[in-house]
Amino acid sequence: MINLILLALAASPAAGLLHDGNQARTLVGGDYCVWGSNTTCYASGWPSCCGEENATAACPVDQPACEIAEPVLPVITSTSSTYNPVELPVTAFPLLTLPEGGLRGCNEVIPSDYPDDIIPKEVVLGLLVGLTSLMGLGDLAAQMQSMVQYDVRARKVCTSCEDMNKLWEANNEDEELFTSKTSASEAMPYCAEGSFAYGRTMSGLLLEPIDSVTKEPIVGKVGATISNYASRTNPFRAPSQTWPSNVATSFPREFNSLAAASAGTYTLIPDLLGNGEDWQGVRSYMVKTLYQASAVPLLLKVKDDLEKNYSCTNLDKRVAIMGYSEGGYATLAIAQAIDMLDDDYVHTYTGVGGAPIKWSTEQMYALVQMHEGTYPFPPFAARLGN
């Protein structure tokens, strides 16, 4: 039930509401800042004010008008007897440069306005109750009290295929004790030497469930959640980079992941290769191995870090995977990769929402749009590759 709630929250446009005591109030600019992206009107997919640290103050009540002028395409004429090719204009896209202040540090806690960089569960509860109330789900809002159990700490996590290949083979030297796949290239072929992911750095946002009394990770065996987001065309709009310092004033798009972490799972949101720490790399699209290589090494990294740093916390092999839109497609790819590990991992939940499963049709549609000059993600398309 909880996982169905989280998937519904991920797909909901009604994210712009905060909860203040018994009074629900609308977060200014909150609605259109979490709706599906519109790169026809906005460079990042959303109005520029949505990227401000404090969207509440920066965004007006009504959605801003388009910030991208409609392109003027040349008129192409021809006759039945003569072919007169017309050279179409070539758009020069600016080179990508790091945002002011650079990227957040790898494998470090993300600074927060809350004490000890930990989000209190009371704040998490207020956000979720407000959201579900806005959606008209009063009964569900009442259940939030039992779902939200822990404080949450955000961390940026990074690793590489090389490091996780070494870790896998070191942990699986004794075939009888561990898995039938002692070779990392067999367990994770998308990370084999010479693969597109080899030599690159994958990054992501990790939300940790924290005991509200000890301010340490919760004790015992803990499951994991891998949450996947809809398409984002800006490599710097990756979750590990955009997670706000104050979730009450700058509502995070990953609110369903926040709920999963507060419910007691280590929740991972991969940036995807080509985004975040790997912003200079090629950004593939709807290629299964992209999502597999972007997620599974991070999951193994988190498990290894916990074993080394917290003797009382064990990330076991229960994994819930969910996603919407492109994230739905990623969910299926990652679920397959978890099975490929052949290492006793158990799917506790696999939730796919709004995903282009019949991909041959989607590819043809995109190719036709590119040919007509109407494809909505030109800067994004320029970076695509396999």
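User: In this model, is Trp279 buried or exposed, and what is its relative accessible area?

Analyst: The model is a predicted one, and burial is read from relative accessible area, with values under 20% counting as buried. Trp279 has a relative accessible area of 12%, and is therefore buried. Phe236, which will matter in a moment, is buried as well, with a relative accessible area of 12%.

User: How many aromatic pairs does the structure hold, and how is the pair of Phe236 and Trp279 arranged?

Analyst: A pair of aromatic rings is described by the distance of the centres and the angle of the planes. This structure holds three aromatic pairs. One of them is formed by Phe236 and Trp279, whose ring centres lie 5.3 Å apart and whose planes make an angle of 50 degrees, so that the pair is classed as tilted. The pair links distant parts of the chain, since Phe236 is in the loop between strand S7 (220–228) and helix H8 (239–242), whereas Trp279 is in the loop between S8 and H10, 43 residues apart.

User: What geometry do Tyr291 and Tyr329 show as an aromatic pair, and which helices do they lie in?

Analyst: Tyr291 and Tyr329 form an edge-to-face pair, with 5.9 Å from centre to centre and 70 degrees between the planes. Tyr291 belongs to helix H10 and Tyr329 to helix H11 (residues 326–341), so the pair ties together parts of the chain that are 38 residues apart in sequence. Both Tyr291 and Tyr329 are buried.

User: Rings can also be read together with charged side chains; over which ring does the charged end of Arg232 sit, and over the face of which residue does Arg253 lie?

Analyst: For such a case one reads the distance of the charged end from the ring centre together with its position relative to the ring normal. The charged end of Arg232 sits over the ring of Tyr229, at 4.5 Å from the centre of that ring. Arg253, in turn, lies over the face of Trp46, 4.2 Å from the ring centre.

User: At what angle do the axes of H4 and H5 cross, and how does H4 cross H9?

Analyst: A crossing is read from the approach of the axes, the angle between them and the handedness. The axes of helix H4 (residues 121–134) and H5 come within 8 Å and cross at roughly 165 degrees, which makes H4 roughly antiparallel to H5. The crossing of H4 and H5 is right-handed. The axes of H4 and helix H9 (residues 255–262) come within 11 Å and cross at roughly 130 degrees, and H4 is therefore oblique to H9. The crossing of H4 and H9 is left-handed.

User: How do H6 and H10 pack?

Analyst: H6 and H10 pack at an angle of about 60 degrees, with their axes 10 Å apart, which makes H6 oblique to H10. The crossing of H6 and H10 is left-handed.

User: How far apart are Cys106 and Val157 in sequence and in space?

Analyst: One sets the separation along the chain beside the C-alpha distance. Cys106 and Val157 are 51 residues apart in sequence and 5.7 Å apart in space, C-alpha to C-alpha. Cys106 is found in the loop between H3 and S3, and counts as partly exposed at 27% relative accessibility.

Note on methods:
Residues are numbered from 1 along each chain as its sequence is written. This is a predicted model: local features need pLDDT of at least 70, side-chain atom pairs count only at pLDDT 80 or more; totals for chains, interfaces and linings use all residues. Side-chain values use heavy atoms; hydrogens and water are left out. Rings of Phe, Tyr and Trp (its six-membered ring) pair if their centres lie within 6.5 Å; planes under 30 degrees apart count as stacked, over 60 as edge-to-face and the rest as tilted. Helices (H or I, at least four residues) and strands (E, at least two) are DSSP runs, numbered from the N terminus. Buried means under 20% relative accessible area, exposed over 50%, partly exposed in between (1.4 Å probe, protein chains only). A charge sits over a ring if NZ of Lys or CZ of Arg is within 6 Å of the ring centre and within 35 degrees of the ring normal. Axes are lines fitted to C-alpha atoms, for helices over the stretch in contact, and angles run from 0 to 180 degrees between N-to-C directions. Angles under 35 degrees count as roughly parallel, over 145 as roughly antiparallel, 65 to 115 as roughly perpendicular and the rest as oblique. A crossing is left-handed if the near helix is turned anticlockwise from the far one by less than a right angle, and right-handed if clockwise.
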